Amino acid sequence: MSMPPMHDLIALLIVIPLVAGLLSLAVINSRFWSRAIGVSSIVLTLGLALGLLLQLTAQGGAVLVSEMGDWKAPFGIVLVYDSLSGILITAAMVAALAAYLHSFSSLDPNVERRYFHPLLQFLLVGVNLSFATGDLFNLFVGYEVMLMASYALLTIGSGKAQLRQAYKYVLLNVLAGTMLLMSAGMTYGMFGTLNMADLARIICEIEADPSRQLPAGFTALSVMMLLVFAVKGAFFPLWFWLPDTYYTLPIAIGGLFGGLLTKVGVYTIVRLFPGVFASDGMGGSSEVIAVVLAVAAGITMFLGVLGAVSQHRVRKILAVHVISQVGYMAAGIAVAVWVDRGAVLEGQVTGRTIAAFAIGGCVFHMVHNIIVKCALFLCCGLMEKHAGTDDLDKLGGLLKRDVFLAVLLFISAMSLVGFPPLSGFGGKIVIIQAGWSNLWVLSIVGLLTGALTLLSMLKIWSYGFWNPDQAPVARQPSHVKATNRPAYLGVAILVAVALFLGFGSEAVYEIAFNAGDQIADRTAYIQAVLGPEGIAHLDGPALADPAAMTQPATPPTTQPAEVLP
Amino acid sequence: MSSMLLRTAMRLLFPLTLLFGVYMTIKGHNEPGGGFIGGLILATALALYRMAAGPGSLWDIIPVHPRVLVTVGLGFATLTALGPMLLGLPVLTSWTGDVPLPFGESVHLATALVFDLGVVFVVIGVSIGMITRLSEECEDLDDPTPLSDDSAEADRAAGEGGAA
Amino acid sequence: MTLIVSVCVAVIFGTSIYLMLGRELKSVAMGVFLLGHAANLCILAQSGSPLVVGDDGDIEGIKRPPILGQGEPKDAPLNLLVDPLPQALILTAIVISFGVMAFLLTLLVKTARSQGTLDLDELAQNADAHDGPVTVPVQSEDDENRTTHGPMPDRGNDPERGEPA
Amino acid sequence: MPEHASVWLILVAVLAPVTAGVATMWLPRSAVALRVAVAICGPLTAFFCILASLSVGGLDRTPNGEIGWLPSLNINLAFLTDGLGAFFGLLVSGIGAMIVLYARGYFGKEGPTSKEDLARFYPLLGFFMTAMVGLVLADYTLLTLLFWEMTSISSFFLIGWDRYDKKAVKLGMQAFFTTGLGGLALLGGILLFGDTTGVWRWSTMLESLGAIHWSSGGVLWAFVLMFIGAAAKSAQWPAHYWLPGAMAAPTPVSAFLHSATMVKAGVFLTGRLLPGFMMVDQWAAVIVPFGAVTMLIGGVLALNQHDLKRIFAYTTVSQLGLLMTMYGLAGYSYKGAPAIDFDITQIANHAFYKAPLFIAAGAIGHVASRQLPELFGAFHKHKMICVTMLLAGYALAAGPGTISFPAKELFLYAVYHAAEEAPWLWLVMAMTVATAMCNVAIFIRLLTTLMGWRFGMKAEPHGHDDHDDHHHEHHHEHGVMAAMIWLPGLLIVSLQYVGGLIPPVWDALFLPFETNANYFSMDKGVPSLWYAITHPSLPLLMSFLAIGGGVLLGISKVARREHHDIHDKIYPLAYFLSVTGGGKVFRLVQTGNFKHYMLFVLGFFLLTFGWAALPDDAMRRLVALSPGSGYGVGLLLGMITCFTALAIPFTKVRVIRVVFLGACGFSVVGIYLVYQAPDLALTQLMFEIISVILFVIVLRLLPKEKMLKQALVGRVGRVAIAASVGLAVGWMTLTAASSDPEVRVGETLAQHSYGNYAYGDDGKKLKDAEGNYVQGMDTALDTARGAGGDNIVNVILVDFRALDTYGEIAVLGLAAIGVWSLLPRRRRGRPDLNPGPHRTLVSDGPNANPHIAEGGAA
């Protein structure tokens, strides 16, 4: 009985929710125990994720690796916990906690007892696995866990509105999943490995050595990959499954989905594309990928926000907004892929490359979005509690009914719009600034999108909170506040975090930029996973010198693996 | 469908199939077979048995909700996952070795077998659960007595899903 | 052999896409089912040809299955085994696609029950009918009446309002 | 150290108002006097803190200390108290104090509503003052933006003061959206400027004027974007429409935000940019036209209003245009110096008569009406209010004796001088005179109406009364508090006359702040009244022309009835376009029909794939026939597979379809066997069986499908798309499979499946003397450990890649849970047997047979 080393605790991020899911399956008949188990599991996972994140940030952005089954990469599966995964998992857990609390007061018992608690836990398993895994095929498995849970949650309670739309979500995602499966297999066929770090190593080596060439069909493969993750991330023109379904969900689940699921797709693109599947090597794919991403990003941003402004139900406005926000992230990645990865940013004291800068902004924006989008959905849930509808025609006078909610919603809305210094601001300006020098069109579109976002949020605020109370709608008795404490607590948590992201963004930015640097230059990641010698024969000063072996970026995973007697 | 013939056939075949399934599971580590195959064989056998012996007959063999099987199976897998952690090893680290048998013989075993056992349980639980659930729906079609349509209740349940 | 399998992949995938483009959810489901086969074969092909081919291009034999038989065959040279990894991947894939398939079928049953149809166009029309497009007239200083809905169904018995039907 | 002391001083100055404002929230409703006292502490503190920091640091162009906040975003707390900033800071806090008092008089004492209003008003006012003070003093460009947006938010809340009044709400949205759009442009400009020059602080810009490459494209576009922001904020044509709309706000707000301070933020920003950006060649060309047009349009429209607040709003617009033009003129030079002088005086001048005008307007609206025609002879009833209004109105008319007169003079001089360089400025000169005439005319009309002099015309019935302050009861207070409604205005306007009659005082007060000391201000101060007389010049002639013409215009019948401003339609139109038009565009893509979605996705796939694959000649040069394609069994199985797959779409009978589906599966099993994959074959076989069982069951549950004949075109299209997608995927498969990587992970796994052994060159295991296998340590895994199994595939599943299997069975379990949750057991009998939600989460129900209780039955 001995405490495992810190980096092996990563696995618990996946196992804890899974065990919790099993337990709540066992106690399925007791609502109290299900909820207790659920909350404690999420809190535990959140604590663990946060602890590990602070730990590795203290080490200057270390990369923690855990080798499943004690088999070295690339032969076994590794779980990797670096700044990128860490900050996203942490944010995801916060959102999950809030949404789960919200569900206590907003979810109908008839829905709740249809395996809501286990399904939610399994969803988190899938999300965390997708964020943490370092293996391409395992990523597919993580996706499937997440998707399966999301299918079930999507149709939970099987209301007519849900069933009218659910099949689109399921079918499009099944198609994407199959394509992911195939492209993972083909990646193995091309490179003989499935480990992301190993893949990055091979591709970087080919890139560094002009005499070698990437295998035939590499570009086509990366395009296929991009399609898969763009479907999951709801880029143009692959977002259809999202706006049709999200507004039909029970609001707590809607908030979780709106916050989380698309970000997993975006995360995967960040993880896999710059420098790996979007490579500048001979027969590389970066040109194609960059153009596709840039176009998709621009249209996604703008068309998405147009759709949002035009909607007339709060749920739909928010649901469609998810898309346009994803556009910003796509823009960040597009910039990172577009520019020459060596190019250093003008007018910045830090000699950070544009690519790293853009990715950092993208990561920050992801975190901000997970939190704020979830908060807005949950606020919408409370508005419905008050008004019995989310139809802007029928809403009104909520400011008189519930000032606290008004404050919460206004802060979240302004954060989404990106008013300084609220959380949306940080990511937006970094992405726009990174765009100016090379993809200035995206920057312009981003600014316009911001304006329309403002308009849509003003719609919600003005019609929902300021306009006179619409008489005919049947109102719930106004003891909403008293009966929905958990919901308010959940929203309050999110808003507090959002405010921290805004006013304390410096701390978050350190992590985000660490992630950006490690994506723009994969050496640290590769060395952490494959061991210091993993990339030794790839020339370049940072890699050649043995000092690289002892840099903090390589956790103590290189100690000889002990074998059981 | 559940004709006399099928029922007698099942009575003969059923035990054999079960045995075969177990055998496939055990030897899976060294020869073709393994948890999935074994579990599937068992599940198929049970499914056919239900077809033959009619609704409710499965309850005599597995007197628990399939949910329990799934939980137990995943529980086994989780044990093999978490066990090594207590010893300070990475998750899912397996152990293999020769376990001496009373007759001086020794059999080569691996903790992975426990994992496989979990797989078997999950596969059985899932297949049985789905098949019985769906075939019950079919039986409801034949059954004249009225059903309380769940869609109304479902809509109320999903009420806020629909709240427009 | 790789070529043959690739052709199979092409055919199966194409067929399933054809089915998924159909206007009935049932045929779409069949398409999804086939999709799994296509994916598995695609991965299988990645393990290289199972045939041992001589220099003169004719087949000398087939590689051995990825099983180290007890005793003697253990000596067999490993490079004559087919690559086991893709097989493992496919096994995982088969199981997952089975799960997805089962859920999809159930979803079909449920959808048919609550919507009364599996025809894609009718389903889409249903959706439109229940939350139709919104039309917004120009607002100017003068007119007070704000956005009004276009053709909307009677809200009273619209299940989306959450009243028990 | 004084520097650091002073940065804290300024920080206090910035935060004081909001602190005081928020503090009032905790006061009891009834404590009105106390509320006023607390609220006024904010602006006063700010005022004196700024003065103090001036006495410490002086009017320097170097920032005084810095407090780190968000360095990685280039946002830190540093403040720049140069002339411009300090002046604005003092102006805002000074007038702010007056407004606090006025608000007390305006909202009154009695009545729950008024107390309510007062309680709501002070926090918002404090928030705004903080924003404004911060905006004018911030040194970091992005910090300026931060406060800039804060002012937009506070103005939004103050315009939407009458919540539950749809019109006010709409006007608030209009103002917020317009200024917000400007703010985004400003953000873009700042980022672009910082990105091209690396300058993130105004002080840095001022220090490195020479270093920056001002004629570069990036700087130009940055300037354009920033000017868009400034123009939107300062209500320049064509974005001026929001300012008259903003008059929905209570009058204290109009007097403060929308005349004296916030709308000047744009002017202030232009002044901030001036020292550097006037070196941009297009400076004047960009600014002057907008400024001049705004000036004229504002003047003319002001003449066409009846509502006093709207009149003054339009004069504000006009004056803002004038200020912008003034800064724009700096792009031209006269005697080697930029043609600009006394910009501070101009700004102060406007503030000092416009705020009083609004104050008086609100006051008169309180006691009588705000519609000018209704105020006929009001002077005799409400003397003090009318006196205030007329004094301010005289300044508006730039009458001699006010500071406004020399200010107008100076402006005309500037235009006159600049015109020597750019003749087209004569046009601006003419527009200025026309505007001045309008202003004079407005004053004349005020005078005649209030005094009740009629020159052969009678008061007309006024148009619709919009936003009268009627909801405040006309209660008449007495004592000093009653004076609060006009006294602040009088105090402010008195500065006009002090400056006009005793210029030295004015110079003493304001000359230090003048940032552009070029001609007069170099040595002597503002020109006195006599200066103009003693130095007759064209500008002088112009101003007398303006006055004379204005008087005539004022008493004439011209433009006496109310006209609407066409620009009021801009925002509704934009709203309509974005909401309805945007929605239409969006719905072109989001049709709601799954078929279209499939087409989009597949189209995207084909497009990108084709673009990626076709140029890739390596991909086209594929091994034509990979070795062993003639393998008989393989060929046979392949053909069966393809045939069965192709047959499925063409069979109409669903059972046969299922049969084909199964057959296809079985042939795939065959292929697995060829590939030496017994486990795969077995698993697939079993799953085939179970899936077929499922299919058969489900097909019974599904409705009969009606045979829908699809149009031929549709069918052909389907076939084409399906074929090309299939081709693409197949091709991709072949490509990937035939690119044989040198090292495959799978081989190592095979090696370690049981244990690790050393292999000879022939690929056979090495044996030592005793015939035991030699263990090899030299493999990638550098461990002799094995997984102890011979069935490599199984070993991979349960050991090497056990995590996959772990997740996989989780998926399987999830699928079952999903099925149970989706298809709950329906119960026999009447629904009222339903145990109800609260008994158990999953109730097995009163069913005879306990095992048909699959998940979560209702």
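Reply: Helices (H or I, at least four residues) and strands (E, at least two) are DSSP runs, numbered from the N terminus. In this case, Ile502(D) lies in the loop between H19 and H20 of chain D. The model is predicted, so to speak of local features needs pLDDT of at least 70 and side-chain atom pairs count only at pLDDT 80 or more, whereas totals for chains, interfaces and linings use all residues. Residues are numbered from 1 along each chain as its sequence is written, chains are lettered from A and ligands numbered from 1 in the order in which they are written, and side-chain values use heavy atoms, with hydrogens and water left out.

Me: Which residues make the nonpolar surface patch of chain D?

Reply: Accessible areas come from the Shrake-Rupley method with a 1.4 Å probe; for residues, only the protein chains shown count as cover. Here Val498(D), Leu501(D), Ile502(D), Val505(D) and Leu509(D) form a patch of about 400 Å². Helix H19 (487-501) and helix H20 (503-510) of chain D each supply at least two of its residues.

Me: How many salt bridges does the rule find across the interface of chain C and chain D?

Reply: The rule finds two. One of them joins the side chains of Asp121(C) and Lys595(D) (3.3 Å, N to O).

Conventions: A salt bridge is a side-chain nitrogen of Lys or Arg within 4 Å of a carboxyl oxygen of Asp or Glu. Patches are made of residues with over 30% relative accessible area and no salt bridge: like charges are joined within 9 Å, nonpolar side chains (Val, Leu, Ile, Met, Phe, Trp, Tyr) within 5 Å.
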